[in-house]
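Please place the sequence and the model side by side before reading on. The explanation is meant to be followed with both in view.

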Amino acid sequence: MKTIGITGTGSYLPTQIVKNQDFQTHDFLNPDGSSFKQENGVIIQKFKAITGIGERRYVVNHLNTSDIAFLAAEHAIADAGMDKENLDYIIFAHNFGDVAHGQAQGDTLPSLATRVKHHLRIKNPKCVAYDLLFGCPGWVEGVIQANAFIKSGIAKKCLVIGAETLSRITDPYDRDSMIYSDGAGAAIVAETEGQGQILAHASATHAKDEAYFLFYGTSNNKTSTRDTKFIKMYGRKIYEFALTHVPLAMKDCLDQSGRSISEVRKIFIHQANEKMDEAIVKRFYELYEKEIPAEVMPMNIGKLGNSSVATIPTLLDMVRKGKLENHQIQKGDVVIFASVGAGMNVNAITYEV
């Protein structure tokens with residue numbers, strides 16, 4: 001029986017490792033420009049305890065988001081063992097375009113998906129390339145869109161990419177800058193026999209009161225004369241929103257699939273904040289009056305930070321290829337992908353490996 005599944009994955013991890021102690025000399029300021037009463041050592045220690053992040057990856061100066069996306073895409077195509085000319089769609093999830101080193105403005109002309117197609121040297125004009133802006137859940141939403149294209153009969157093979165270079169749009173005076181990182185992950189979603197299947201999916205956008213929980217804002221350094229905008233967030237509001245809505249989206253998605261909570265082997269959740277992710281998964285299991293099983297939630301945020309749309313495909317690639325200790329997936333395993341981010345958007349996929 002033909003199904004729609006993930007037939008190949010690839011990722012690119014930047015080579016620059018930035019450790020927490022590298023922020024020791026930063027001049028962190030409050031949003032109003034005032035100084036913190038605590039020393040940086042205390043701020044960094046508390047940050048690690050909450051987020052679980054000890055280090056993160058940044059791209060080298062000559063690479064942009066589309067470049068690392070191309071490298072991840074090459075790996076995914078090779079892993080799938082397919083001819084790149086047979087791709088029907090390239091769906092590229094990102095949020096800020098190509099932000100060159102030393103620049104503040106994102107470049108999206110042409111689209112980043114078009115740039116990846118160009119780098120791949122794909123000649124087929126019927127391979128349609130477009131960008132997807134959906135906050136951190138963008139890659140998961142791209143997989144949902146690819147599934148719809150294939151199910152409708154207009155496509156057989158889609159390349160779905162999630163990539164970002166958040167290090168270039170963070171405010172160095174904002175302690176939240178320690179959260180963000182760079183990375184790229186990609187997957188081939190295709191019509192297949194016996195190589196996994198998408199069982200169900202759920203998506204939602206909450207924009208009545210939640211639209212600007214993440215936003216573009218000015219630096220915390222109020223003496224700066226540069227009119228540069230940076231990624232900003234209301235962390236507490238996001239935390240509360242995520243704990244309310246993500247477990248419900250996951251339950252909705254699992255219930256649609258017809259599978260039981262006891263069948264779930266792994267949950268690939270957006271690597272946003274270790275404590276938040278643990279609380280989300282705990283609440284999800286509480287909805288079924290169950291305890292969290294050991295090793296159900298692979299995490300790489302401690303070493304890679306939060307690379308937005310890249311976190312789930314990067315994590316999936318690592319687990320599929322045995323690169324994350326104590327975590328493997330086998331044929332027939334039921335797993336869940338779940339994410340939350342700017343919008344505020346929430347989505348989930350129930351998937352059988």
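The paragraphs below treat a sheet, some backbone features, the cavities and a pocket.

This is a predicted model, in which local features need pLDDT of at least 70 and side-chain atom pairs count only at pLDDT 80 or more, while totals for chains, interfaces and linings use all residues. Residues are numbered from 1 along each chain as its sequence is written, and side-chain values use heavy atoms, with hydrogens and water left out.

Helices (H or I, at least four residues) and strands (E, at least two) are DSSP runs, numbered from the N terminus. Two strands pair if DSSP finds at least two bridges between them.

Strand S4 (residues 89–93) runs parallel to strand S6 (residues 157–165), and five bridges join the two. Ile-90 has Leu-159 as its bridge partner in S6. S4 also pairs with S5 in the parallel sense, over five bridges, and Ile-91 has Tyr-130 as its bridge partner in S5. From S4 the chain crosses through helix H3 (residues 112–120) to S5, and this β-α-β crossover is right-handed; that is, with the strands pointing away from the viewer, the path from the first strand over the helix to the second runs clockwise.

Most residues other than glycine have a negative phi, and most peptide bonds are trans. A cis peptide bond, with omega of about 0 degrees, joins Leu-109 and Pro-110, and Pro-110 is placed in the loop between S4 and H3. Another cis peptide bond joins Gly-343 and Met-344, with omega of about -5 degrees. Glu-289 has a positive phi, near 55 degrees, and is found in the loop between helix H6 (274–286) and helix H7 (301–304).

The spaces in the model come next. On a 1 Å grid over the protein atoms alone, a cavity is a set of points where a 1.4 Å probe fits but cannot get out, and a pocket is an open set with protein on both sides within 12 Å along at least five of seven lines; lining residues have an atom within 4 Å of a point. Grid points are joined across faces, edges and corners, and a volume is the space filled by probe spheres set on the points. There are two cavities of 30 Å³ or more. The largest cavity has a volume of about 60 Å³, and S7 and helix H8 (311–320) each give two or more residues to its lining. The second largest cavity holds about 40 Å³, with Asp-171, Ile-231 and Lys-232 among its lining residues.

The second largest pocket contains about 590 Å³ of space. Its lining has 28 residues, and Ser-167, Arg-168, Ile-169, Thr-170 and Pro-172 lie nearest its centre.
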